[in-house]
Amino acid sequence: AAVRQVDFVTGAVSMDTLPPPITTEVAFVGRSNVGKSSLVNMLCNRKALAYVSGTPGKTQQFNYFHVNAKDQESQFYMVDLPGVGYARVPRPVQEAWIRFMEQYLQYRTSLRLIFHLIDGRHGAMTDDEQLMRLIAASGRQKGEYVVVFTKMDKMDKQKLKQAVINETRSALSRNGCRSDTPIVISSSSTRLGRDEMWRHLQSVLVS
Ligand code: GTP
Ligand code: MG
């Protein structure tokens, strides 16, 4: 799991503005402020590749990062998506984003892995369940959809309530996702979960 090079490619705002696909891409989805951009930076060992902010709604485009562009074998796109469910974004704008996301999940055939980030302190919220339905509708195979609990440094790992895991599992099944969907426990500050996420990445890169 060596990132030798990362280049920003483009910020897409619609299906027509997506960059031409390369063999594999991996997307980070979830509610606003859950820690998507932070996790992209952590996985790439960069401090400020993707913009991070304490204010929700920071990422406004589908931001494409090309990892290892010079190496056919290990290159792929990492896509940092805008957050869903930010109340201060007007409703029609939110709905337009959801439609774009729906089409993206459905038709972007080079998309081989979706990391769905959920705050480990709260578990799946209404917006997460909506995402689960979109993801289920896009027909993911085993290993192509992974749930990631974020900000686990903010809570005692022991205190991660079994209830939160159970609720997330039932949300997954209620919304049509596979019962064997992996759940990774992570923190961008302590780098918890990094190896596990890279294992999931690696397995879609070689297959
Ligand atoms: P949007 O682009 O608005 O959708 O947000 P995002 O999901 O990209 O979240 P971002 O990475 O910008 O992080 C949001 C806030 O959470 C920032 O203040 C981060 O510093 C903080 N944060 C992210 N990950 C962690 C983490 O693992 N631990 C802690 N303690 N804070 C984190
Ligand atoms: Mg972001």
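Biologist: Let's start with the sheet. How many strands does the open sheet have, and in what order do they come?

Modeller: There are seven strands, in the order E1-E3-E4-E2-E5-E6-E7, and the pairing is mixed. Keep in mind that this is a predicted model. When you read a strand order, look at the two ends. Here strand E1 (6-12) and strand E7 (183-185) are at the edges, and each has a single partner strand, so one side of each has no neighbour in the sheet.

Biologist: And by how many degrees are neighbouring strands turned against each other?

Modeller: On average by 25 degrees, if you ignore direction.

Biologist: Take E1, then. Which strand is joined to E1, and does the pair run parallel or antiparallel?

Modeller: For a pair of strands, look at the bridges and the direction. E1 is joined to strand E3 (residues 62-67) by six bridges, and the two run antiparallel. You can follow it residue by residue: Ala12 sits opposite Phe62, and Gly11 has Asn63 as its bridge partner.

Biologist: How many bridges link E3 and E4?

Modeller: Five, again in the antiparallel sense. One pair to look up is Phe65 with Met78 in E4.

Biologist: Now the helices. Which strands does helix H3 touch?

Modeller: For a helix on a sheet, ask what it touches and how it is angled. Helix H3 (residues 126-137) packs on the sheet, touching strand E2 (25-30), strand E5 (111-119) and strand E6 (145-150). The direction of H3 makes about 165 degrees with that of E5.

Biologist: Is H1 mostly covered or mostly open?

Modeller: Mostly covered, as eight of its nine residues are buried. Those are Lys36, Ser37, Ser38, Leu39, Val40, Asn41, Met42 and Leu43. The cover over them includes E2, E3, strand E4 (76-80), E5, E6 and helix H5 (194-206).

Biologist: Which residues come nearest to ligand 1?

Modeller: With a ligand, see who lines up around it and what kind of residues they are. Of the 24 residues around ligand 1, the nearest are Gly35, Ser37, Ser38, Thr59 and Gly83. By class, the shell has four nonpolar, 15 polar and five charged residues. Helix H1 (residues 36-44) supplies the largest share, three residues.

Biologist: Which loop holds Lys151, and what is its phi?

Modeller: Lys151 lies in the loop between E6 and helix H4 (162-174). Its phi is positive, about 55 degrees, although Lys151 is not a glycine. Lys151 has 20 other C-beta atoms within 10 Å, so it is buried.

Biologist: Where is Arg191, and is Arg191 buried or partly exposed?

Modeller: Arg191 is in the loop between E7 and H5. With 13 other C-beta atoms within 10 Å, Arg191 is partly exposed. The phi of Arg191 is positive too, near 65 degrees.

Biologist: One more loop residue: what does Ser138 touch?

Modeller: Ser138, in the loop between H3 and E6, touches Leu105 and Gln106, not counting residues up to four places away in sequence. Ser138 has 18 other C-beta atoms within 10 Å, so it is partly exposed.

Definitions and conventions: Residues are numbered from 1 along each chain as its sequence is written. Chains are lettered from A and ligands numbered from 1 in the order in which they are written. This is a predicted model: local features need pLDDT of at least 70, side-chain atom pairs count only at pLDDT 80 or more; totals for chains, interfaces and linings use all residues. A residue is near a molecule or strand if its C-beta atom, placed from the backbone, lies within 6 Å of it. Helices (H or I, at least four residues) and strands (E, at least two) are DSSP runs, numbered from the N terminus. Ala, Val, Leu, Ile, Met, Phe, Trp, Tyr, Cys and Pro count as nonpolar, Asp, Glu, Lys and Arg as charged, and the others, Gly among them, as polar. Two strands pair if DSSP finds at least two bridges between them. Axes are lines fitted to C-alpha atoms, for helices over the stretch in contact, and angles run from 0 to 180 degrees between N-to-C directions. Two residues are in contact if their C-beta atoms, placed from the backbone, lie within 7 Å. A residue is buried if 20 or more other C-beta atoms lie within 10 Å of its own, exposed if 12 or fewer, and partly exposed in between; C-beta atoms are placed from the backbone.
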